Amino acid sequence: MMSVPHSTRTSPYAYLFILPALIGFLVFYAWPAARAVAISFTDWNLLSDSTFVGFDNYLEMFQDEQFLNGMKLSGYYVLLNIPLQTALGLFLAVAMDRLTKSIFVKATLLLPYLMSNVLVAMVWLWMLDPILGIINALVDTLGLSTQAYLGDPDQALVSVAAINIWRHMGLVAMLFLAGLQTIPRYLYEAAGLEGASEWQMFQKITLPLLRPVMVFVLVTSVTGSFQIFDTIAVTTSGGPLDSTRVIVYYIVQNAFSFYRMGYASAMSVTLCAAMLLYTLFQMHIMRASESDLA
């Protein structure tokens, strides 16, 4: 039997397969990012020629109370959104892995994520309407006091977080389910023979072996939550009383309402750098490149 010679050289044709994605990345991500960095050092109102101002935009940014408040609101939104979304997604994934393999159940859970985010926000805006919304109608039927939800400064950001938890928990569940299906079943069988309970197997087997998936979920969820914009633009427009004017909404306002493109770019670059540092930190502390199955 002839042996096939092994070669570590990459076929030139392999580069052809990644070329479309590479072109898309360069045109739609790398080039705009480089342009944003360059614009961040200028004063530009989109209508006249830009003026180089050095680091003035960055110095102003850290003295801007609205910028600091936007970052604080974004961080608060992440705390409202990510823990519950991750926990619910993991619970649904474990339940599906143990109880059902139904494609219908999986499709139903994933459906909210496949819908347009603007459409989801509009539907929930109508449902949470304090006067005509079905949610308050149900609350009133139960004999409880109705709420303003998106119209209350104390409830608006919580309501936005609840909308996005509902929309994204199905996707998180699918990611965790894919990770669960890579865990060898014999590990659970061996643990069961040793007398381990379901909770002990979850703690000692499931969670450690889901670590790479957990890193991916946390990194993408947190960075995505810091970029929340469309739900807020549709439901609250940053209000009431600026209670939902998160950082990305403030950046868009400066760019296209106040025509301060240089200042908006400086905030965008700062947010990008913060998310990059968070990603590196998260991947380091959770040992993203290592596997407990090895």
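This is a predicted model: local features need pLDDT of at least 70, side-chain atom pairs count only at pLDDT 80 or more; totals for chains, interfaces and linings use all residues.
Local features were considered at pLDDT of at least 70 and side-chain atom pairs only at pLDDT 80 or more, whereas totals for chains, interfaces and linings use all residues. Residues are numbered from 1 along each chain as its sequence is written, and side-chain values use heavy atoms, with hydrogens and water left out.

Helices, taken as DSSP runs of H or I with at least four residues and numbered from the N terminus, include α12 (residues 247–256) and α13 (residues 261–285), whose axes come within 7 Å and cross at roughly 155°. Since axes are lines fitted to C-alpha atoms over the stretch in contact, and angles run from 0 to 180 degrees between N-to-C directions, α12 is roughly antiparallel (over 145 degrees) to α13. The crossing of α12 and α13 is left-handed, that is, the near helix is turned anticlockwise from the far one by less than a right angle. The contact (heavy atoms within 4.5 Å) involves Ile-247, Val-248, Tyr-250, Ile-251, Asn-254, Ala-255 and Phe-256 of α12, together with Met-261, Tyr-263, Ala-264, Met-267, Ser-268 and Leu-271 of α13. Of these residues, 11 are nonpolar, two are polar and none is charged, where Ala, Val, Leu, Ile, Met, Phe, Trp, Tyr, Cys and Pro count as nonpolar, Asp, Glu, Lys and Arg as charged, and the others, Gly among them, as polar.

Helix α13 also contains Ser-265, which is buried, with a relative accessible area of 6%; buried denotes under 20% relative accessible area, with a 1.4 Å probe and protein chains only. When residues up to four places away in sequence are not counted, Ser-265 touches Ala-36, Ile-39 and Ser-40.

In helix α5 (residues 117–127), the buried residues include Asn-117, Val-120, Ala-121 and Trp-124. They cover an arc of only 95° around the axis, which places them on the same side of α5, the arc being that of the directions from the helix axis to the C-beta atoms. An α-helix has 3.6 residues a turn, so residues three or four places apart point the same way. The buried residues of α5 pack against α4 (103–114), α6 (134–141), α7 and α11 (230–235).

Technical notes: Helices (H or I, at least four residues) and strands (E, at least two) are DSSP runs, numbered from the N terminus. Angles under 35 degrees count as roughly parallel, over 145 as roughly antiparallel, 65 to 115 as roughly perpendicular and the rest as oblique. Buried means under 20% relative accessible area, exposed over 50%, partly exposed in between (1.4 Å probe, protein chains only).
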